[in-house]
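Open the model in your viewer and keep the selection tool at hand. The tour goes from cavities to a helix and then to pockets.

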Amino acid sequence: MAHQLGEPEPLDPRFDRSAWWRRDRFGMFIHWGAYAVPARGEWVRSHERLSVADYQPAIDAFNPNPDFEAWADTARAAGMRYAVLTAKHHDGFALFDTRLSDYSTVHTLGRDFVAEFLAAFRARGIKVGLYFSLLDWARPDFPHFGDLHHPMREAEEYRDHTPDLNSYRAFLHGQVREICSTYGDLDVLWFDFSYPGMGPEQWGAADLIRIVRELQPNAVLDNRLEGSGPEPGSILTDTPTPFCGDFTSPEQVIPAEGIRGADGTPVPWESCLTLNNHWGYCRHDADWKTAPVLIHKLVECVAKGGNMLLNVGPDAHGTFPTQCRRILAGIGEWMDANSASIRGCGSAGLPKPDWGWWTAGGSKLYAHVMEAPVGPLQLQGLRRDRVAEVHLLSDGSQVPLVDAWSVADHPDQAFVAFGPQPEWTYPLPDPVDTVLEVTLR
């Protein structure tokens, strides 16, 4: 069946689990752990070749008192409706209650930060997810020398180190069972990540997915039990594995087009992006993306049928950096007026217009006008006889269709004007993104 204008393309029924997630469209990623103490990003151990002993001062100094209610309020005010916290990153230091290791905040501080995070965000009506690293650089049974990413990958003293993958798989599966059985229903599970030499076979992905589906049958999963940011795995093929995931996860990039499978049908996807250039807190990184840029990127994701998961890296005290809060507040101000063009929306089935993007949801089309026209604005891709009415989404005011002399040579095309004199040039009501709600006949 052909894709009808303004109607979403049908997805394979195997993606039904992600229906709520595809409606919400916009979530918060939170990378937080002891790596906030050195404040050089969450990969500091790998990048600087730090041993477990070298890293121990960061563990010892990590004694935060986060206000999770403030975190949740910030996410909700920004228009986010789901959030994913790093329960454990590659450093192996867990923020949750694990009986399988004493390398956790419960052991060092008596605090189960995962439980506290989940309670605060659930109380605000925000769906919750946990990120869990498949890597663990603190484990002696994990590959060291010669691994692509381990901090000791080039350390001569580990040249003869022999990993014990059977032991590591048992530990990995045990911790996944703990997070899937301890904290109630999880909306998202975000595994990270597979790479050459360490993939589905090493993780025991077939058994791992059975544990997850036994305990969390409704959780939406990413694709990284067999993939990574640039490598989607089998989810796009006509022979997906049982552990291929519910969505693919491009990282620090927005695909040129919506992501499709081998048969040409859409596949759910989510671009995970940082506010600056690091996931974990980095004191020296001041390369902040602006709220207008991120609004445009969110719209672009939705227009291409995808989600955006926007990351915050709290500091060692457990506080969102001031600039993060300012950027998120700016996004939230725009979302307060225009969220109907994001939530529940997707591709409109129209070519990209010169002035911005189209999204579609329900029975409406949404024109995201990011570049002011000279004179009337052509609703590119729409014939005039298809348009019943146009309103400014932010306040519901009518935006009239016009028959100006300047566009008389395009009588079949739909044009609107932003002011009483259609031939004149007016500034956009919202210079960041003026959203027009278009009702079709």
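This is a predicted model. Start inside, with the lining of the largest cavity. By class, that lining has 8 nonpolar, 5 polar and no charged residues. The volume of this cavity is about 80 Å³. Select Asn276, His278, Tyr281, Trp288 and Gly313: of the 13 lining residues, these are the closest to the cavity centre.

How many cavities of 30 Å³ or more does the structure hold? There are 2.

**Helix H11**

Now select residues 322-338, which form helix H11. Check its length with a distance between the end C-alpha atoms: they are 24 Å apart. At 1.5 Å a residue, the 17 residues of H11 should span 24 Å, so the two values agree.

Next, colour the buried residues of H11: Cys324, Ile327, Leu328, Ile331, Gly332, Trp334, Met335 and Asn338. Why do they sit on the same side of H11? They cover an arc of only 165° around the axis, which puts them there. Turn to the other side of H11 and select Arg326, Glu333 and Asp336, which are exposed.

Two helices are on the list, H4 (68-77) and H10 (291-303). The strands are E1 (26-30), E7 (307-312), E9 (364-369) and E13 (434-440).

Move on to the largest pocket, with a volume of about 580 Å³. Select Pro8, Arg25, Gly305, Gly346 and Ser347; of the 28 residues that line this pocket, they are the closest to its centre. Then show helix H1 (19-24) and strand E8 (356-361), the elements that give two or more residues to the lining. Which of them gives the largest share of that lining? H1 does, with 3 residues. Colour the lining by class and you get 12 nonpolar, 9 polar and 7 charged residues.

Last stop: the second largest pocket, about 280 Å³ in volume. Select Trp43, Asp192, Phe193, Arg224 and Glu251, which are the closest to its centre among 21 lining residues. Colour this lining by class too: 10 residues are nonpolar, 7 polar and 4 charged.

Conventions: Residues numbered from 1 in each chain as written. Predicted model: local features only at pLDDT ≥ 70, side-chain atom pairs only at ≥ 80, totals over all residues. Heavy atoms only, no water. 1 Å grid on protein atoms, 1.4 Å probe; cavity = no way out; pocket = protein on both sides within 12 Å on 5 of 7 lines; lining within 4 Å. Points joined across faces, edges and corners; volume = space filled by probe spheres on them. Nonpolar A, V, L, I, M, F, W, Y, C, P; charged D, E, K, R; others polar. Helix = DSSP H or I, 4+ residues; strand = E, 2+ residues; numbered from the N terminus. Expected span 1.5 Å × (residues − 1). Buried < 20%, exposed > 50% of the residue type's maximum accessible area, 1.4 Å probe, protein only. Arc of directions from axis to C-beta. Contact = heavy atoms within 4.5 Å.
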